[in-house]
Structure formats: C-alpha cells, structure tokens
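Let's take a walk through this one together. Have the model open in your viewer, and we'll go from stop to stop.

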Amino acid sequence: MKKIALYLLTTMTALSCSNAQNKEFSEESLSKKIISVDNKEISFSEILKKHNGKVTVIEVWASWCSDCVKAMPKVKEMQTNNPNVDYVFISMDKAYDKWQAGIEKHELKGDHYWATDGMKGEFGKSIDLDWIPRYIIINKKGEIVIYRAIETDFEKINKQLKKLE
C-alpha cells in the first residue's frame, strides 16, 4: 500500500511540475534570434525591452493553425477591452510570405516576429512550446504572470489583464 501511495504522490508531483508557470525567461530563450517584419534579426530580449514598463501579451501562433485562427476573434476582443496593453505576435509559420499573409488576412494589430525554425525549433524549445496558440502575459515590471495559456484560457487571461491595468 505504501508503494502505491508513494507512486501516486510521485506521479502527481511530476505532472504538476510539467505544467508549472515559469516566472522568468531562461537566458537561452532571451538570446534566441527571430525575424522582425522588416526582415531583420532581433533577440527575444530586445523585443521584451521594447515593451518594458507595459503590460504585454505575447501570442505564439501560425497562419496554418486552425486553433489560432479560431481564437482570432477572442484576441481582437481582448485588444478592444485592453487598449493599454502591448501585443506581440510570434509566428511559427514555415515561410515568410505565409507569415506576412496571415498578419494581413487576420488584421493583427501589434508587433510581429517570426521564428523561422517553427514550433520544434530552438526558440520554441526555449519557451517550452508544446501547443499553439500560446499566450504569455508579462506585467509592467517585466515579470511573467502567466507563462502557459492556450485558446481555452481567455477567461483567465482577461481576468489577469484587468488586475494588471
């Protein structure tokens, strides 16, 4: 019986740790280079510095992702309801032209970047990317308040944004 209880406790601990909300980005993720809309490399840390002192929502998405497309109306509603928040979109598209077409088609307002190596690439791995769309919320102090949220978490995201404004 003790072995079963110990096994269950170990399993539950492992599962809860796998969904843990990081409070800061790793040095690895901060140093990763991605592409800006003017086709220049920029580090993730430089992107974050541009939004220093502002509540920021980062959405990791792709134009080919059906869940991402389904979430776009909720993203636009979030932007309307939280106009003082900065929005950063990081695409996992496979091609520059597909990324650009996705921005235009969905009329996404905010800063746009492209991780050229996709979801399973270096940047995606550095932020523990396992699903898109993925939302990360950063407060005015630059601290991560939500590290892992997906398209079904808009209620939680919106509540958090109201607290931070």
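Predicted model: local features only at pLDDT ≥ 70, side-chain atom pairs only at ≥ 80, totals over all residues.

Asn82 is buried, because its relative accessibility is 1% and anything under 20% falls in that class. You'll find Asn82 in the loop between helix H4 (66–81) and strand E4 (86–91).

Now zoom out for a moment. The chain has 165 residues, and 45% of them are buried. It contains seven helices and seven strands.

Next, go to Tyr135, which sits in strand E6. Tyr135 counts as buried because its relative accessibility is 0%. The side chain of Tyr135 has a polar contact with the side chain of Glu59, at 3.3 Å. Tyr135 also brings us to Tyr147: the two are twelve residues apart along the chain, and their C-alpha atoms are separated by 7.2 Å.

Stay on Tyr147 and look at what lies over its ring. Arg134 is placed over the face of Tyr147, 4.7 Å from the ring centre. There's another arrangement of this kind elsewhere in the chain, where the charged end of Lys94 sits over the ring of Trp64, at 4.8 Å from the ring centre.

Tyr147 is also part of a ring cluster, linked through ring pairs with Phe25, Phe44 and Phe123. How many aromatic pairs does the structure hold? There are seven. Such a pair is described by the distance between the ring centres and the angle between the planes. Take Phe25 and Phe44: this pair is edge-to-face, with 4.9 Å from centre to centre and 90° between the planes. The two partners come from distant parts of the chain, 19 residues apart, with Phe25 in the loop between helix H1 (2–18) and H2 and Phe44 in helix H3. Are Phe25 and Phe44 buried or exposed? Both are buried.

Phe44 and Phe123 are both buried.

Phe123 has something to show on its backbone too. The backbone oxygen of Phe123 lies 2.7 Å from a polar atom of the Ser126 side chain. Ser126 is in helix H6. With a relative accessible area of 6%, Ser126 is buried.

The largest pocket has a volume of about 230 Å³. It is lined by 15 residues, and those closest to its centre are Phe25, Leu30, Leu48, Ile138 and Gly142. Which helices each supply at least two residues of that lining? They are helix H2 (27–31) and helix H3 (44–50). If you sort the lining by class, you get four nonpolar, six polar and five charged residues.

Last, a few backbone details. Most residues other than glycine have a negative phi, and most peptide bonds are trans. Against that background, Asn39 has a positive phi of about 65°, although it is not a glycine. Asn39 sits in the loop between strand E1 (33–36) and strand E2 (41–43). Asp128, another residue that isn't glycine, has a positive phi as well, near 60°. Asp128 belongs to the loop between H6 and E6. Is Asp128 buried, partly exposed or exposed? It is partly exposed, because its relative accessibility is 35% and that class covers values between 20% and 50%.

Pro133 is placed between helix H6 (122–126) and strand E6 (134–138), and the peptide bond from Ile132 to Pro133 is cis, with omega near 0°.

Definitions and conventions
Residues numbered from 1 in each chain as written. Heavy atoms only, no water. Helix = DSSP H or I, 4+ residues; strand = E, 2+ residues; numbered from the N terminus. Buried < 20%, exposed > 50% of the residue type's maximum accessible area, 1.4 Å probe, protein only. 1 Å grid on protein atoms, 1.4 Å probe; cavity = no way out; pocket = protein on both sides within 12 Å on 5 of 7 lines; lining within 4 Å. Points joined across faces, edges and corners; volume = space filled by probe spheres on them. Nonpolar A, V, L, I, M, F, W, Y, C, P; charged D, E, K, R; others polar. Phe/Tyr/Trp six-rings, centres within 6.5 Å; stacked < 30°, edge-to-face > 60°. Lys NZ or Arg CZ within 6 Å of the ring centre and 35° of its normal. Polar contact = N/O pair within 3.5 Å; in protein donor to acceptor, adjacent residues only side chain to side chain.
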